[in-house]
Amino acid sequence: MELQRLCLSGVCSKNLISSFHYGRRVSMMLREVEDLLKPNGDFKAVAAEVVVTGCVVEERPLQPVIFGQETMLERAWKHLMDDETAIMGLYGMGGVGKTTLLTQINNKFREAVDGFQIVIWVVVSSDLRVEKIQDDIAKKLGLRGEEWDMKEEIDKVTDIHAKLKNKKFVLLLDDIWTKIDLTEIGVPFPTKENGCKVVFTTRSKEVCGRMGVDDPMEVQCLTDNEAWDLFKRKVGPLTLKSYPSIPEQARKVTRKCCGLPLALNVIGETMSCKRTIQEWDLAVQVLNSYAADFSGMEDRILPILKYSYDNLKSEHIKSCFQYCSLFPEDYLIEKEKLIDYWICEGFISEKEDRERRVNQGYDIIGTLVRSCLLLEEEDNKSKVKLHDVVREMSLWISSDFGENREKCIVRAGVGLCEVPKVEKWSAVEKMSLMINKIEEVSGSPNFSKLTTLFLQENMPLASISGEFFKCMPKLVVLDLSENLGLNRLPEEISELNSLKYLDLSRTMILRLPVGLWKLKKLVHLYLEGMRDLLSMDGISKLSSLRTLKLLGCKQLRFDKSCKELVLLKHLEVLTIEIKSKLVLEKLFFSHMGRRCVEKVVIKGTWQESFGFLNFPTILRSLKGSCFLSLSSVAIKDCGVKDLKWLLFAPNLIHLTLVNLLQLEEVVSIEEADEMQVQGVVLFGKLETLLMSDLPEVKSIYGTPLPFPCLREMDIEQCPKLGKLPLSSKSVAEVERYFNLSKTHLPFQMMKNTPFGNFLLILQHTTTSPTNRLCEPSETCCRAL
């Protein structure tokens, strides 16, 4: 290059020759000089772009000590550096540390030796603007200036693409809320071939999917120990040592933050100068009553979390989210009950059929989970809960940001012994007093706007006055379940003209009040576990009833009320325990029963044989899948010989068989062929199978079944069961355990099984060298 410069400036080639060695190299360079001096010389080499030897990355500032992200950073970096990874998504709730993790990844590229040439950081945020992203990238690429600002968007796309197409780049996008089309910006799509990478952070797992990331990495809250370490550092040792009991209160404050770094940092900084025990006691009291009053909450914590709420696409979904804050901290909310609440409140249209309503409810739950506003239990997918700080944000929103605190009164799980005093009862729209120690509910408050009242799980509650129900014209949800001291309801319950949902499950009520039958709008009636309930005569008067749950009503005999139940024309869901042949014939196998029964327990006595479960005449009249709603079946203490009717229950999820002394085979191949049920995969949705005390059972089914959803199989005291209907293709998604206690199993299969992640329990299990657990063609059994 220096030689070219001298030649172009007119320096004589003879003087240059003296600066170089003679020989071949000199002659080659002279030829290059002569070519350059020609009128049409090739000057391309002069304009060649300089090859970058190191990665251009700007180090971003970080706090001195970062807690709890070492392992996460290592895992994220390893995944990112994998050749197969072109785009990586980091998702998690607001304030959990996604930006901190992305910053660490950015800075780590300063030491990377993988040939990356440039690392570009762009903050996107919720108001996505393509032009702003282009400008940030352009600045990094040296394209900014008046000329750039005057260009059309399409020209900017072309310029960015031209600059990046031959570079091995890393693009870090912080805080994206919707899909970003890279081609719309001008960024070449990262691939395994070009070696480029794109990493983004988001609060939405759904955005990860839209960006083409199937396995995003969740940035989780800190563990208890990590949270305590962070909080101690923020508060400082002098404050913690200033009074003997401050550390104990500091632990309580830390637990309220529930591992969220944002809350730990802000609250820790606020408390760092509080060195009297009274100040710490007050902090705990405020955080336990109305956390939004705590310094820093309304301006530094809750607004940041609220962005996720604001991004929800409809007001109905926002209302559904707020409803979840009626439950106590860390409370596991049953999805199905939550959906029923939402339907009654009008957040989901009642005009649709049940399947569509329920599907819409699950879709809303999925939206909230993917937005990191609801947390789904790993071990129990049927329940969800709110993070404590997210719950405080929801309560803050429900109170109109603190302006109307009596609009939604939530004192759940705080140890109340009486109903709290309210200045303006008429302002209350929702009240949750569940899981307390309230003994009596009395008075006649004017609840003119109240729509939901939670009083469940007040163990001492023994009395509710009739006057209390007299002014609740808009009440649609009343939950009194789990009140074990409650043995009667007042007749004034008939005053609740708008009531759609009533839960009396697991109370000690002997007789339902006559006034109950006047509730013409009642849609959901939960009576499960009411062991002392003697009668439900008059149930047919509830003409709007769609859900009736009666499992565990030990004293109820349905011989008389069977006819009434059949008259409930709009009934969609029924759970019931059956103890007689009459009820089985007239109710369970009736048209209404086949359509509505969701859960059933069939339990008999030895004096009355239950061989009638065969019902050959009824079964011959059945065509196709009849028990479409049936999800749970338990058969106990019966003389049953045949369970062929299970072929008609394609949506069965739970099956329990206990103490059936005459059962030899659950379903036979011959029966399946004889029934000719088309398009049904036996046990295709079964998740749990429990079999106990079946002395004669030799087989569940004659050939292997796929069991695609099986999570738990528990088989005990089945001494003649020597083979299971499983193969290497069975139970692919096992999550729990496999219990084969006291059964007759082959020795070889104790260490080689096709059961994926099953925990195999073989306590007191007899073995045989001849019998097989699976088909002999097994080739891919996994060793435990």
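Helices here are DSSP runs of H or I with at least four residues, strands are DSSP runs of E with at least two, and both are numbered from the N terminus. Everything below refers to a predicted model.

**View 1. The whole protein, before we zoom in.** Of its 784 residues, 51% are buried. Take the contacts between residues at least 6 apart in sequence, and 60% of them join residues at least 24 apart. The protein exposes about 37,500 Å², with carbon and sulfur atoms supplying 49% of that area.

**View 2. The loop residue Cys-258 and its positive phi.** Find helix H13 (246-257) and helix H14 (261-271); Cys-258 sits in the loop between them. Its phi is near 50°, a positive value in a residue other than glycine. That's worth a look, because most residues other than glycine have a negative phi. Cys-258 counts as partly exposed because its relative accessibility is 28%.

**View 3. Arg-506, another loop residue with a positive phi.** This time the loop runs between strand S15 (501-503) and strand S16 (524-526), and Arg-506 is in it. Phi of Arg-506 is near 55°, and this residue is not a glycine either. With a relative accessible area of 34%, Arg-506 is partly exposed.

View 4. Why is helix H5 (residues 98-108) described as largely enclosed by the rest of the structure? Because 8 of its 11 residues are buried. Going along the helix, the buried ones are Lys-98, Leu-101, Leu-102, Thr-103, Gln-104, Ile-105, Asn-106 and Asn-107. What do they pack against? The buried residues of H5 meet one helix, H4 (70-81), along with strands S1 (87-91), S2 (118-123), S3 (169-176) and S4 (197-202).

**View 5. Leu-305 and its contacts from elsewhere in the chain.** Leu-305 belongs to helix H16 (residues 297-310). Its relative accessibility is 3%, so Leu-305 counts as buried. Setting aside neighbours within four places in sequence, Leu-305 is in contact with Met-93, Gly-94, Arg-203, Leu-260, Val-389, Val-390 and Met-393. Pick out Met-393: it is 88 residues from Leu-305 in sequence, yet the two C-alpha atoms are 7.0 Å apart in space.

**View 6. Thr-656 in strand S21.** Strand S21 covers residues 654-658, and Thr-656 is part of it. Is Thr-656 buried or exposed? At 19% relative accessibility Thr-656 counts as buried, since the cut-off for buried is under 20%. Not counting residues up to four places away in sequence, Thr-656 touches Val-633, Ala-634, Ile-635 and Leu-690.

**View 7. Two salt bridges from helix H18.** A search of the whole structure turns up 35 salt bridges, and here are a couple of them. Lys-335 pairs with Glu-376, with the closest N and O atoms 2.4 Å apart. That pair links distant parts of the chain: Lys-335 is in helix H18 (residues 335-345) and Glu-376 is in strand S7 (residues 375-376), 41 residues apart. Lys-335 counts as buried because its relative accessibility is 6%, while Glu-376, at 32%, counts as partly exposed. Next comes Lys-337, whose side chain meets that of Asp-479 in a salt bridge of 3.7 Å, N to O. Here helix H18 is linked to strand S14 (residues 477-479), and the two partners are 142 residues apart. Both Lys-337 and Asp-479 are buried.

View 8. The side chains of Glu-467 and Lys-470 come together in a salt bridge, 3.6 Å from N to O. Glu-467 is partly exposed at a relative accessible area of 41%, and Lys-470 is also partly exposed, at 44%. For a network, turn to Lys-256, Glu-329, Arg-391 and Glu-392: salt bridges that share partners join these residues into one.

**View 9. A surface patch of negative charge.** Which residues gather in this patch? They are Glu-152, Glu-153, Asp-155, Asp-181 and Glu-184. Glu-152 lies in the loop between helix H7 (146-149) and helix H8 (153-164). Its relative accessibility is 53%, so Glu-152 counts as exposed.

Conventions: Residues are numbered from 1 along each chain as its sequence is written. This is a predicted model: local features need pLDDT of at least 70, side-chain atom pairs count only at pLDDT 80 or more; totals for chains, interfaces and linings use all residues. Side-chain values use heavy atoms; hydrogens and water are left out. Patches are made of residues with over 30% relative accessible area and no salt bridge: like charges are joined within 9 Å, nonpolar side chains (Val, Leu, Ile, Met, Phe, Trp, Tyr) within 5 Å. Accessible areas come from the Shrake-Rupley method with a 1.4 Å probe; for residues, only the protein chains shown count as cover. A salt bridge is a side-chain nitrogen of Lys or Arg within 4 Å of a carboxyl oxygen of Asp or Glu. Lys and Arg count as positive and Asp and Glu as negative; His and the chain ends are not counted. The place of a charge is taken as NZ of Lys, CZ of Arg, CG of Asp or CD of Glu. Buried means under 20% relative accessible area, exposed over 50%, partly exposed in between (1.4 Å probe, protein chains only). Contact means heavy atoms within 4.5 Å.
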